[in-house]
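Please open the structure in your viewer and keep the selection tool at hand.

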Amino acid sequence: MAMFAGMGRIALGLLAMLAAGATHAETLPRYLIEQGGVKMEISAPRADIVRIREGQGALPEDASWAVSQTVRGATVPLDVSDTATATTLRTSALSITIDKATLAVTVADTSGRVLLADAQAAAFENKGFRLRKVMPADEHYFGLGDKTGPLDRRGESFALWNTDAYGFGTEGDPIYKSIPYVLGLNDNGQAFGLFMDNTFRSFFDFGKTERDTLDFGAEGGSIDYYVMAGPDPKAVVEDYAYLTGTAPLTPEWALGFQQSHYSYMNEGEAMGIADRLRADHIPSDAIYLDIDYQDRNRPFTVNTQAFPDMAAFVQKLKADKLHLILITDLHIADAPNQGYAPYDTGTAAGVFLKNPDGSTFVGPVWPGPAVFPDFSRPTARDWWGQQYAGFVKDGVSGFWNDMNEPAVFETPTKTMPLDVVHRIEEPGFAPRDATQAEMHNVYGLLNSRATYDGLRKLSPDQRPFVLTRASYAGGQRYAATWTGDNTSSWAHLSLSISQLTNLGLSGFAYAGDDIGGFTGDAPSPELLTRWIEVGAFNPIMRDHYAKGRDPQEVWVHGPEQEAIRRTYIDERYRLMPYIYGLAEENSRDGLPVMRATFLEFPKFAAAVNQFMLGDDLLVAPPVTWESPAAYPVPLPSAGWYDYWTGQRLDTPGTQETPRLDRLPVFVRPGAILPKQPLVQSLSDTPSGQLELHVYPGPDCHGSIYLDDGESYGYTKGQYLRQSFHCSDDGKTLTFAFDKRDGAYAPWWTGFTLVVHGWSGKATAKMDRKTMTAQSANGTLTLVLSDVVKASTLVINRAP
Ligand code: MIG
């Protein structure tokens, strides 16, 4: 196989043609076949991922906004074998069979499980195409980002066309993002992945229109898709992360509680919110300013009547240990000769999108007539990045990219005409003009990419925080996201759970929704309380709401509701070592922070609304929020623990009677959860002991990850990582500390082990030291000094 590695395309094509006619096995890096004017190329960037490209007359351009050139260029050898009617290509994990007459493809794994099979060969229609795949009766479908509807997409159909979907319904479609990636899961818990890398308006139809057919396609562009083998769902998520990348590690403060409103109108109002958060002891880390901080809604300006000194305001917030996040929309006011620098410098640099006749496209948005940067050009992205220089200098910590579908007012399409001209200057692509029809769905991703890259340049040692509304596959590399303008209703609270878990499966580990709801009437006390409870276990936790309605900060419904809400926010802050550890894990393997239960337990039939935070916590909200009736909570096995009481459950499920102050959360037997003392802001260094909560059970493990939470020191050894394991034979619990890794110094004085499900006395021994300990309320507490070396603690249950 090595001999093919350096060969050019033409030689490969020739070899492939030879291979196609040969009866003996051969090995090729890419397989090419042509039939009836259709050219098809099959390659495997990795043994468990196959890429299929097809075009009429010619193969499509080998280019992508989602998948890097390195990944697209990678090939593992394909073993080719032939029969009279079909060719089969094999990697160590996959087998791909192509019908020579029709080019219909069947992808199977080496066990013979069919992952995805053509019901019909690809059809080229108008300027686009359509693929029809067999949809097995026991297959369920997930992914597609934050599309509405139930978690499982089976029986639904979706259009992918980024849309400003203000007040979208629980079945509303299309909404803000286009992530053409699907995870299939069968009743045996086996999964596969499918990613169609196409930015044109596209669709996925999961047997809604055509029974038992998974139908997908696009209005333009070419056929370029990947099938991933799994076989378990986590492996598919990791495959997709390999293709499209992972989210870079967030600044830790962005995992704290964030308060936002459209809009806090002036400094006094915003400081009032900051001060109240502190006075009421609501742990929190960020405040947002929405469009009204600007001068006449012009991006990168400040209304100095309302905010006389942004740098000074940032310092005041900093004294309250809060970060400031500013909205920065991409619609630059069309304001020539007015001294509006973004317009003047952008025009001078020629960065704005054009009409087909070469004039600049102008469309009305918040500032009135506006022009739009052409983010597919590096010069435009650099120019955009520089716009942040002033705010970064002022000390602003994060930026919010809204309206980047892009939204345009006063037009029924809610966006710009399809013939607006973008210019592609990107490695892999031929330098060329492209229409809005091609670029629309990737525009939001490119906007957030420009923001992220700009911030990286402006403050090289600060991890950026960017929040985007629109995006495309791979957008997780640049920004966190939220689900847009939801409604203050129970149905939307439930919807948030399926949206955020599907976003997590689709690469976006950092996702949140407007807690309490954005549109409609302000939430009832119960609705806001429940939403905050659930939000405490979401990756991003932001309370945000629209103009012209009653406020919905944590305190608005009086002390009783506020106390419940505070309990949940407090708990999130105590759990921050666990949550931050999940974020760090995500940066390496792409596993989301908030998880569909099947990611951990592929055969477990979870109830609606159940979800997991990492691999240890299972959150089980009521299925119907307002009903006082008891509801069943299925659990993956017996032995799970109630998070709040620490009590071990002997059955693989329980009943819950809804109580407003209780959001049921359960802990995996075998979990070791790190928790820290409560702080009011993540800028505060906790003091005291790090708690390790041990929940004895099988596969007992946990870990801690720590760094300074904001810089890139961790890439140069300034981190702390340590794993823990335990085993329990009923008499003795053995707790093992692995050797600590990394140079970052911990804040804690030592570890406090809290072992749950314990009764009676215990003697414990570590190194040569013996201690006795007493349990209370079912937990055994052991206060230790810091443990840096590999060590074993043996805890004997006293007879
Ligand atoms: O047309 O900036 O989704 O979060 O508060 C509305 C004002 C524009 C839509 C965002 C919302 C934000 C609002 N924006």
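A nonpolar core is a set of buried Ala, Val, Leu, Ile, Met, Phe, Trp, Tyr and Cys residues joined through side-chain atoms within 4.5 Å; buried means under 20% relative accessible area, exposed over 50%, and partly exposed in between, with a 1.4 Å probe and protein chains only. The model is predicted, so local features need pLDDT of at least 70 and side-chain atom pairs count only at pLDDT 80 or more, while totals for chains, interfaces and linings use all residues. Residues are numbered from 1 along each chain as its sequence is written, and side-chain values use heavy atoms, with hydrogens and water left out.

**First stop: the cores**

Select L183, F195, L289, F372, F537 and L617, which touch the most other members of the largest nonpolar core, a set of 161 residues. Next, select helix 10 (residues 436-458), which gives the most to this core, with 8 residues. Helices (H or I, at least four residues) and strands (E, at least two) are DSSP runs, numbered from the N terminus.

Which residues are in contact with L183, leaving aside its neighbours within four places in sequence? They are H140, Y141, F142, A191, F192, P233, V236, V237, L505 and F598, where contact means heavy atoms within 4.5 Å.

An open sheet of 10 strands runs in the order 1-5-6-7-8-9-10-16-15-12, with antiparallel pairing; two strands pair if DSSP finds at least two bridges between them. Strand 1 (26-28) and strand 12 (157-160) stand at the edges, each with a single partner strand, so one side of each has no neighbour in the sheet. Select strand 1 with strand 5 (residues 78-82): they pair in the antiparallel sense over 3 bridges. The bridge partner of L28 in strand 5 is L78.

Select helix 12 (residues 525-535) and helix 13 (residues 559-574), which pack at about 10° with their axes 9 Å apart. Axes are lines fitted to C-alpha atoms, for helices over the stretch in contact, and angles run from 0 to 180 degrees between N-to-C directions. Helix 12 and helix 13 are therefore roughly parallel; angles under 35 degrees count as roughly parallel, over 145 as roughly antiparallel, 65 to 115 as roughly perpendicular and the rest as oblique.
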